[in-house]
Amino acid sequence: MRTSHHTLLPIAILLFIALAVMPATAFYNPNTGRWLNRDPIEEEDGPNVSLCAHNNLINRIDPFGLWTTGVHHKIIDDWLVDPIWDRYPWRCCERIPVRRLLKEGSDQIDGVGNHSGDFFAAQATQNAHQHAMRSPGDDVSVAEAKYRQFIQNTLNEARRLSDRARQLTCTYAPESLVYSAVTKIGNAFHAISDNMSPAHSGFQLWSGSWEPTTVTDHVRQENMTAYPTYKLQLVSTVDGELLSYLNYVLAIQVR
Ligand SMILES: [Zn+2]
């Protein structure tokens with residue numbers, strides 16, 4: 001059965017508001033003091049039958065990836081703490097707003113912020129791998145391969161854009177290519193950070209189902225308590241995966 005965008009739009013609007021004002025989610029069980037992690041193997045094969053219903057429930061209420069927009073942005077701020085990243089000096093006396101562009105690239109993958117018009121396209125099942133999830137028909141290994149390919153493609157594109165920028169004289173405003181390159185790194189950042197969220201592991205299925213109750217359930221469970229627990233690991237992983245690309249893109253000399 002198809003659901004029209006007509007009925008989905010109010011849900012999306014509700015979600016945007018909720019994501020904007022509410023901190024991040026995680027599926028934390030206060031009784032055990034543990035995070036509820038997804039089983040990477042499928043429910044039907046899972047040895048723990050009693051968890052099936054629970055895992056299904058979590059799958060249903062986690063269509064967006066774990067981190068809210070606010071947490072994605074916070075990771076960037078905690079990663080690149082020096083204010084220089086807001087006005088990174090580049091050729092032609094340009095100042096590159098690196099942090100803002102990375103956030104822009106992250107928002108683009110989620111279809112939020114300036115990209116909210118593309119929300120449904122961004123969150124479509126065929127883009128599940130961009131949020132470290134899998135689309136129907138893909139198994140976990142296929143989804144993971146797509147995820148890695150997506151990251152590599154965006155980073156390769158970032159390098160290509162910056163190589164072109166270095167070859168242009170300032171008359172051609174090469175900094176716009178550097179802007180695009182940093183935004184591409186923001187695309188990769190999004191996937192990497194989604195993959196590291198505690199409720200997002202295992203490339204679980206994203207069925208594309210938008211039900212008002214599941215959306216509000218999801219939003220209600222979101223809270224910022226997840227982030228501090230994972231902050232150090234997130235920041236060091238993102239730094240390890242992306243800093244060399246950032247340095248490459250922002251370099252002035254052709255290497
Ligand atoms: Zn996402």
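Reader: Which residues of α3 meet which residues of α9?

Author: Two residues are in contact if their C-beta atoms, placed from the backbone, lie within 7 Å. Here V71, K74, I75, D78 and W79 in α3 meet Y227, K231, L234, V235, V238 and D239 in α9. By class, this contact holds seven nonpolar, no polar and four charged residues, where Ala, Val, Leu, Ile, Met, Phe, Trp, Tyr, Cys and Pro count as nonpolar, Asp, Glu, Lys and Arg as charged, and the others, Gly among them, as polar. This is a predicted model: local features need pLDDT of at least 70, side-chain atom pairs count only at pLDDT 80 or more, and totals for chains, interfaces and linings use all residues. Residues are numbered from 1 along each chain as its sequence is written.

Reader: Why is α3 described as oblique to α9?

Author: Angles under 35 degrees count as roughly parallel, over 145 as roughly antiparallel, 65 to 115 as roughly perpendicular and the rest as oblique. The axes of α3 (residues 69–79) and α9 (residues 226–250) come within 9 Å and cross at roughly 60°, which makes α3 oblique to α9.

Reader: Is R95 buried or exposed?

Author: A residue is buried if 20 or more other C-beta atoms lie within 10 Å of its own, exposed if 12 or fewer, and partly exposed in between. R95 has 12 such atoms and is therefore exposed. R95 lies in strand β4 (residues 95–96); strands are DSSP runs of E, at least two residues long, and helices are runs of H or I, at least four.

Reader: How many residues of α7 are buried?

Author: In α7, 18 of the 21 residues are buried, and the helix is mostly covered.

Note on methods. Axes fitted to C-alpha atoms, helices over the stretch in contact; angles between N-to-C directions.
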